[in-house]
Amino acid sequence: MVGGLFIIITSQNYLKKVVGLAIFQTAVFVFFVSLAKVLDGTAPILTKMANAYSNPLPHVLILTAIVVGVATSALGLALVLQIYKNYETIEEKEIESLELKSDK
Amino acid sequence: MNFLLINFFLISLLLVTTFFIFKTTSLISVVALTGAFTLLCSAIYVNLDAVDVAFTEAAVGSGISTILMVMAAAKLPEGKKNKLINLFPSIILAVAISLILIIIITNLPLLGDPNAPIHLHVVPEYLKESKDFFHIPNVVTNILASYRGFDTLGETIVIFTAGLGVIALLTSNTLNRKTNFKKNKKNER
């Protein structure tokens, strides 16, 4: 199910890369949570009515991972801002040509 | 049956959103589409019975990260319509990765199978005992804060480090370095 998402993510090569990374992460999260699903089960909140619960362990792991993912993407955005400050562009090709020019 | 239909619909919407994120060049619409993407994901989580995850994804994923991205996009210039780089190798890589994933997924237990190995170890004890231990009906909270409290502590440390990194990056003045292109440009003139 998630496999299709990867195709589009890996082929984008702008400095939309931070966004691409976030999408990649989210696809993995959806896959993880889908492993936790039990058919006819309910959310893992204990009640007397339910007879089966979905697996709470992947939920916990993904809960942690989402927050860490936001922290990493914030760090990535800060890096992009710093690159823009120094090079006045965030397109990879232009930065490469600037580098080549300064080497001469 | 309904469950699968809703899931299929939401995932196809995800694919459409990803395609448009790939297509658009305007930074602000990329940010808006990312917000939509994460909201769709939280809908999928609700469908998969992961209410806590859906809650966090809606608040942190599509809330805070969208705000951060809007703040960054406001400072950056409008994206240019450049040629795609490394198109051919990345297509090969993507096809290879998805083939491997499809092979792996066909070997996994079926979606929602209650006898899959993941549901048989540790988790039954969590579901049985946690109410007596902590008197909280929400098992996810119990595991997050008690059984795996150190995990959450580690997460907090990671976030703290990331925050320090962001502050250090945004406040440091790198303009005085040797590899300063503004200076180089001035010298050329």
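## Basis of the model

The structure is a predicted model, in which local features need pLDDT of at least 70, side-chain atom pairs count only at pLDDT 80 or more, and totals for chains, interfaces and linings use all residues. Residues are numbered from 1 along each chain as its sequence is written, while chains are lettered from A and ligands numbered from 1 in the order in which they are written.

The value pLDDT is the predictor's confidence in each residue, from 0 to 100. Chain A has an average pLDDT of 77, and 84% of its residues score at least 70. Within chain A, confidence is lowest in helix α1 (residues 3-10), with a mean of 52, and highest in α3(A), at 86.

## Architecture of chain B

Chain B contains eight helices and zero strands; helices (H or I, at least four residues) and strands (E, at least two) are DSSP runs, numbered from the N terminus. Along the sequence, the pattern of chain B is α-α-α-α-α-α-α-α. Of its 189 residues, 23% are buried, a term for residues with 20 or more other C-beta atoms within 10 Å of their own, the C-beta atoms being placed from the backbone.

An automatic or database domain assignment divides chain B into domain 1 (1-80) and domain 2 (124-176). The C-alpha centres of these two domains of chain B lie 23 Å apart.

## The side of chain B that touches chain A

Two residues are in contact if their C-beta atoms, placed from the backbone, lie within 7 Å. By this criterion, 79 residues of chain B are in contact with 66 residues of chain A. On the side of chain B that touches chain A, α3(B) gives the most, with 13 residues.

The residues of this side of chain B comprise 51 nonpolar, 19 polar and nine charged. Here Ala, Val, Leu, Ile, Met, Phe, Trp, Tyr, Cys and Pro count as nonpolar, Asp, Glu, Lys and Arg as charged, and the others, Gly among them, as polar.

## The pairing of α3(A) and α3(B)

Two packed helices are described by the angle between their axes and the distance between the axes. Helix α3 (residues 56-87) of chain A packs with α3(B) at an angle of about 0°, and their axes are 10 Å apart. Therefore α3(A) is roughly parallel to α3(B), a description used for angles under 35 degrees. Axes are lines fitted to C-alpha atoms, for helices over the stretch in contact, and angles run from 0 to 180 degrees between N-to-C directions.

The contact of α3(A) with α3(B) has 15 nonpolar, five polar and three charged residues. Among them are Ile62(A) and Leu63(A) of α3(A), and Val60(B) and Ile64(B) of α3(B).

Methods
A residue is buried if 20 or more other C-beta atoms lie within 10 Å of its own, exposed if 12 or fewer, and partly exposed in between; C-beta atoms are placed from the backbone. Angles under 35 degrees count as roughly parallel, over 145 as roughly antiparallel, 65 to 115 as roughly perpendicular and the rest as oblique.
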